[in-house]
Amino acid sequence: MKKVIYTLVALFAAMTFTSCNDDDWDYDKTLEHEYFYGPQVWGYDKPNAASGIGNNNVVFYEVNQGETVAVPMQFWCEFKRDYNVVTYYWTAPKPSGEKYIKELKNYSNSDLVSYDGPELVRGVDYEVVDENGNVITPGASGAYEMFWPNALKGVKNIYIKALNGKKGSFNIMTCDPDGTVPSGSDVSSTIQHATGPYTVRVFSQNYRVTVTVK
């Protein structure tokens, strides 16, 4: 699936490139302004092997109580635009029974376990902060914003600070935790938002990472 997504990214980039030519190519020009956003890390490759864990949405980050961890997020666009792009992310409790990885042992799906820990609460057990440690407040919808001036591609960090509360895990997501989960069988479900001149899409197999407070 990961290879399919990168193929789509390359296809959209190629379509955008052709738009710079004088020839009137017959293609959907709205794809020129569709961008992808998601966690920079995709799953885990087994050391000294060609393959790793086949299932995505399994990447995890650990943070000790009282400390801060950076979670890198990536925005894909190969061109400079005359507008800025905003992308969103959410934090949410990890549902009981959700499959996740808390320790890499075999670098395979056998590392997946069901979550049975406590529900971590933002503002009590952890906070989202900026690079200087200042608390960031989500918008009315519960989403946090990332800005990409002129739609320039890049990587920016989400910073999570553990607050000496409960130990356990929670999710960072690129889709609304109360909305539709992105699905590879439904392309429309991968649209995070469409506004004005552009559309932001997320990945059906890489829309969630786990943060574990130790």
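Modeller: A pocket is an open set of points on a 1 Å grid over the protein atoms alone, with protein on both sides within 12 Å along at least five of seven lines. Lining residues have an atom within 4 Å of a point. This is a predicted model, where local features need pLDDT of at least 70, side-chain atom pairs count only at pLDDT 80 or more, and totals for chains, interfaces and linings use all residues. Residues are numbered from 1 along each chain as its sequence is written, and side-chain values use heavy atoms, without hydrogens or water.

Biologist: What volume does the largest pocket have?

Modeller: Grid points are joined across faces, edges and corners, and the volume is the space filled by probe spheres set on them. For the largest pocket this gives about 260 Å³.

Biologist: Which residues lie closest to the centre of the largest pocket?

Modeller: The lining holds 16 residues. Strand E4 (85-93) and strand E10 (168-173) each give two or more of them; a strand is a DSSP run of E, at least two residues long, numbered from the N terminus. The largest share, 4 residues, comes from E4. Closest to the centre are Thr91, Ala92, Pro93, Tyr126 and Pro177.

Biologist: Which strands stand at the edges of the open sheet of 5 strands?

Modeller: Two strands pair if DSSP finds at least two bridges between them. The order is E2-E13-E10-E4-E8, with mixed pairing. An edge strand has a single partner, so one side of it is left without a neighbour in the sheet. That describes E2 (60-63) and E8 (144-148).

Biologist: How many bridges join strand E3 to strand E9?

Modeller: E3 covers residues 68-76 and E9 covers residues 154-162. They run antiparallel, with Phe75 opposite Gly154. The number of bridges is 8.

Biologist: Which residue of E9 stands opposite Tyr126?

Modeller: Strand E7 (residues 126-129) pairs with E9 in the antiparallel sense. There are 4 bridges between E7 and E9. The residue opposite Tyr126 is Ala162.

Biologist: Is Asn164 buried or exposed?

Modeller: Most residues other than glycine have a negative phi. Asn164, in the loop between E9 and E10, has a positive phi near 60°. Buried means under 20% relative accessible area, exposed over 50%, and partly exposed in between (1.4 Å probe, protein chains only). At 55%, Asn164 is exposed.

Biologist: What relative accessibility does Asn150 have?

Modeller: Asn150 lies in the loop between E8 and E9. Its phi is positive too, about 55°, although Asn150 is not a glycine. Asn150 counts as partly exposed, at 25%.

Biologist: Which residues does Ile191 touch, not counting those up to four places away in sequence?

Modeller: Ile191 sits in strand E11 (residues 191-195) and is partly exposed, at 34%. Its C-alpha atom is separated by 9.6 Å from that of Tyr35, 156 residues apart along the chain. Contact means heavy atoms within 4.5 Å. By that rule Ile191 touches Thr199, Val200 and Arg201.

Biologist: How many disulfides are there?

Modeller: A disulfide is a pair of cysteine sulfur atoms within 2.5 Å. Cys77 is buried at 7% relative accessible area, and Cys175 is buried at 7%. The disulfide count is 0.

Technical notes: On a 1 Å grid over the protein atoms alone, a cavity is a set of points where a 1.4 Å probe fits but cannot get out, and a pocket is an open set with protein on both sides within 12 Å along at least five of seven lines; lining residues have an atom within 4 Å of a point.
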